[in-house]
Amino acid sequence: EKHISIQRHLADLEKLADLKEGEFTMAVSQNTDLHVTDEKKPCPLCPEEKFKACYSHKLHRHLQNLHWKVSVEFEGYRMCICHLPCRPVKPNLVGDQTFSKMGAHYHCIICSATITRRTDMIGHINRHVNKGETESRFITDALMLISIVTLYLPNFLLVPAPKSSHEVLKESATDVQVLPNYSTPQKTDSYFNPKMKLNRQLIFCALAVLAEERKPIECLDAFGATGIMGLQWAKHLRSSVKVTINDCNENSVTMIHENCHLNKMKVKLNTKEDDNDEAMGDGEENTDTIEVTKMDANVIMHLRSFDFIHLDPFGTSVNYLDSAFRNVRNLGIVSLTSTDISSLYAKAQHVALRHYGCNIVRTEYYKELAARIVIAAVTRAAARCNKGIEVLLAVALEHFVLVVVRVLRGPSPADDSAKKIRYLIHCQWCEERIFQKEGNMVEENPYQQLPCDCHGSMPGKTAVVLGPLWSGALFNTGFLRRMLFEAVQYGLDEAQPLLKTLVCEAECTTLKHFSTHSPYDENKQEECGVYIKTPNTSAESYLVHRKRKSEEVIRNAAKRQKSENSAEHPAFYYNIHRHSIKGMNMPKLNKFLNYLSEAGYRVSRTHFDPMGVRTNAPLAQFKTILMKYSTPTYAGGQAEGPVHLTEDVQAGEQVQAAADCKAEDAEFLEDDKSGVAVAMFTKDYPTHCAAD
């Protein structure tokens, strides 16, 4: 039976008031007609000490204003607030007297729970809906009649059971079943986020590049959830990979099994292939096999060795780094996705100190700061296992921070990587920044390392020390180019614009030249001093792999590695809007990049910030060039109409500059169709230009 506070209409509550005490339950069960009288009536949902009996018009206002207006609606029923002693509150002792207060509450129509607040009740009902528990426990007369009829009907007359509530989603030619609440990780076991599609495509490209280097490779998706990522690996890379999908939740493992059957994949559980787990296609044979395990991620990474490991837990991934680097093979790849952006983006600084051991503040380059924080934690975890890393890719977007590193075994690479973890000096006035110099000696005045003179011209302490952070490169150009080639080969359209931007950012250039042929034919790829095996191996790389190396080859390799290190992209970037001059109109971003390049500085755009400029120019020179090519704002011209300039030469120059800006912006938008570029150039041109 449902509680008397759960009714369909307000009149039903008024009818309950006509009954005497103790007859509420009988009236609800018998569903009898109640007669209205003119006597004083008590409230059916309030005790006598709270609301005394009154006439019908006062009772109507009371029920409408106190109970009905604050009710929670669900499937035609109203769960009104109840003041009856259904939910006793802890008694309060005041002096020698004990007061036992009865609190207002709601009765859940589904599970009969009592909840005090209306917002909590709404959330409670929504959780039932997300879990698929939409049928209430009480049975109305109609439902009872249906159940009695179906009980005595023969089996062949029964209506077939409704289909499963699972929803089938498709991504990159892979189908997955998800629950109705798949987008809420706290309320489901099979979490699936469609917004992470770009993240999955980048990881797939990295795995495809590794699969070209050596075959077959053993790869692990440590947090499978629905198994979408591992299914994409096995479906597209086929025999090049041996996929293992792991999850510690039993419901998720069951969902992974169902998704494997849905994509016609064989399932191997605990290294013993079950005959019942084989799913064959219609008239065709599929030899793809996926191993599904149910254990903690740390346990499986301690027990087995892998060539490729991907970590994507809820929140931070620092708890799994030690086990990930313990058994990963040499020259293998570890990728991790961190979604704890509140701490990485300096919104919860105490959490960043607790998880990563870093002191951070909110800066204009906070996204790159987050990537360097994660890489520093990865470097320390790898060094504890006598392994070094080479950063192949670091991406920080709105929802996640993705880091892909290559593992280099040995104490020497571990020492070299650990030396790249340094502190950062950040000026809070002008936001100039610089990494501290190497060495353990204490400097008398660390402000001298900053290029700015804010400490001398401003009172007090002007800079803070952030970190420790990763001070090395965030990208490997050769690996990114091969990822771009794989993205084109497999038709990953969403990842291609971002990879093109990353290639330009890694080379710190605005020129976009992308060859259509395979980058494996160049045979000049060197990553951290290690030659990667390619299909067409040249004689030089063959000599490097042999034990006997000629002095000339060693000398050339050292020169090439030294030139690559010297050409490393500059750390951090500047936001052009953050350093704009008040009362001046800035030049277009592409024009400003050309001005910096003409001044002799390396410059490129960055994926971290759509209006960011990555350059090795100091902030003072950055502002000087920005000031030089900015034009004054004419407020009167904007209000009254077109501006009448005094010199025709200046007007002609502004018209030509505006035409050049529009032509260049249109050309750039055609080349780079990423969302970053589109968001950057959708703004209208300033109204003060003579062309307008």
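Phe-608 counts as buried, at 2% relative accessibility (buried means under 20% relative accessible area, exposed over 50% and partly exposed in between, with a 1.4 Å probe and protein chains only). The model is predicted, so that local features need pLDDT of at least 70 and side-chain atom pairs count only at pLDDT 80 or more, while totals for chains, interfaces and linings use all residues. Residues are numbered from 1 along each chain as its sequence is written, and side-chain values use heavy atoms, with hydrogens and water left out.

The whole structure contains 11 aromatic pairs (ring centres of Phe, Tyr and Trp, the last by its six-membered ring, within 6.5 Å; planes under 30 degrees apart are stacked, over 60 edge-to-face and the rest tilted). One of them joins Trp-233 and Phe-308 edge-to-face, at 5.6 Å centre to centre and 90° between the planes. Trp-233 belongs to helix H7 and Phe-308 to strand E15 (residues 306-311), so this pair ties together parts 75 residues apart in sequence (helices, H or I of at least four residues, and strands, E of at least two, are DSSP runs numbered from the N terminus). Trp-233 and Phe-308 are both buried. A stacked pair is formed by Tyr-573 and Phe-608, with 6.0 Å centre to centre and 5° between the planes. Tyr-573 lies in the loop between helix H19 (551-566) and E24, and Phe-608 in the loop between E26 and E27, so parts 35 residues apart in sequence are tied together. Tyr-573 is buried, its relative accessible area being 1%. Tyr-365, Phe-435 and Phe-572 make up one aromatic cluster.

Strands E24, E27 and E26, in that order, form an open antiparallel sheet (two strands pair if DSSP finds at least two bridges between them). Strands E24 (574-575) and E26 (603-605) are at the edges with a single partner strand each, so one side of each has no neighbour in the sheet. Two antiparallel bridges link E24 to E27 (residues 612-615), and Val-613 in E27 is the bridge partner of Tyr-574. Helix H20 (residues 589-598) packs on the sheet and touches E26 and E27 (contact means heavy atoms within 4.5 Å).

Helix H7 (residues 228-237) is mostly covered, with eight of its 10 residues buried, among them Ile-228, Trp-233 and Leu-237. Arg-238 follows H7 and has a positive phi, near 55°. Helix H6 (residues 197-213) is also mostly covered, 15 of its 17 residues being buried.

Notes:
Axes fitted to C-alpha atoms, helices over the stretch in contact; angles between N-to-C directions.
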